[in-house]
Amino acid sequence: MATEEISRTEGLNPSEQSSSLPDYPQMILEAIDALNEKEGSSFSSIAKHIDSTHSDLPASHSTLLSHHLNQMKQMGQIVTLNNNYSKPDPNAPPKRGRGRPPKPKVPLPPGVVVSPPRPRGRPPKPKDLLAPPKPKPVSTGRPRGRPPKKAKTGTATAPPPPPGVKRGRGRPPKVLPSVGFQ
């Protein structure tokens, strides 16, 4: 039976779910006002107060309540302190954002034209219009850069060892020339 109620109310707007039930933000603000706790009202006390005053709540009441509490907190309609929700103090200064605050901008007097900001990067060197043009370097006929590798065509390498002899590991020993002693 509970699944039938949930499936019937999933596609409907909160105002169409039950006509006698007010919006969740309105119920939350009424609960905070009625509880009138000094440090604010907890989630459970707000949920109990809404349960006691409204009998026809949907099955997903706790998830809807937490969703609307988070939404109201982000919009600034309520504030959170030690996991307790309360209305913001109208005399409190506005909440400061993170980081260094921007410098105050001085208003310009009327009639002053603002130049566009400088482009990024190093400015180009000034060109001397009276200087003679630089001579182009003489080309040698070769393209710049390292030449491409050529395919090996000759058999200039050493012949392979005979098939029966295995090479040992590592560098082969140095062969000393035979010198005759007198």
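**Ground rules.** I am working with a predicted model, where local features need pLDDT of at least 70, side-chain atom pairs count only at pLDDT 80 or more, and totals for chains, interfaces and linings use all residues. Residues are numbered from 1 along each chain as its sequence is written, and side-chain values use heavy atoms, without hydrogens and water.

**Helix 5.** I looked up residues 61-75, which form helix 5. Helices (H or I, at least four residues) and strands (E, at least two) are DSSP runs, numbered from the N terminus. The expected span is 1.5 Å times one less than the number of residues. For these 15 residues that gives 21 Å, and the end C-alpha atoms are 21 Å apart, so the two agree.

I then listed the buried residues of helix 5 (under 20% relative accessible area; exposed is over 50%, partly exposed in between; 1.4 Å probe, protein chains only). They are H61, L65, H68, L69 and M72. They cover an arc (directions from the helix axis to the C-beta atoms) of only 105 degrees, so they sit on the same side of helix 5. T63 and Q74 are exposed on the other side. The cover over the buried residues includes helix 3 (24-35), helix 4 (43-53) and strand 2 (84-86). Just after helix 5, I found G76 with a positive phi of about 90 degrees.

**Strand 2.** I checked N84, which lies in strand 2. N84 counts as buried because its relative accessible area is 16%. Beyond its neighbours within four places in sequence, N84 is in contact (heavy atoms within 4.5 Å) with E39, G40, S41, S42 and V79.

**After strand 2.** L108 lies in the segment after strand 2. L108 counts as exposed because its relative accessibility is 55%.
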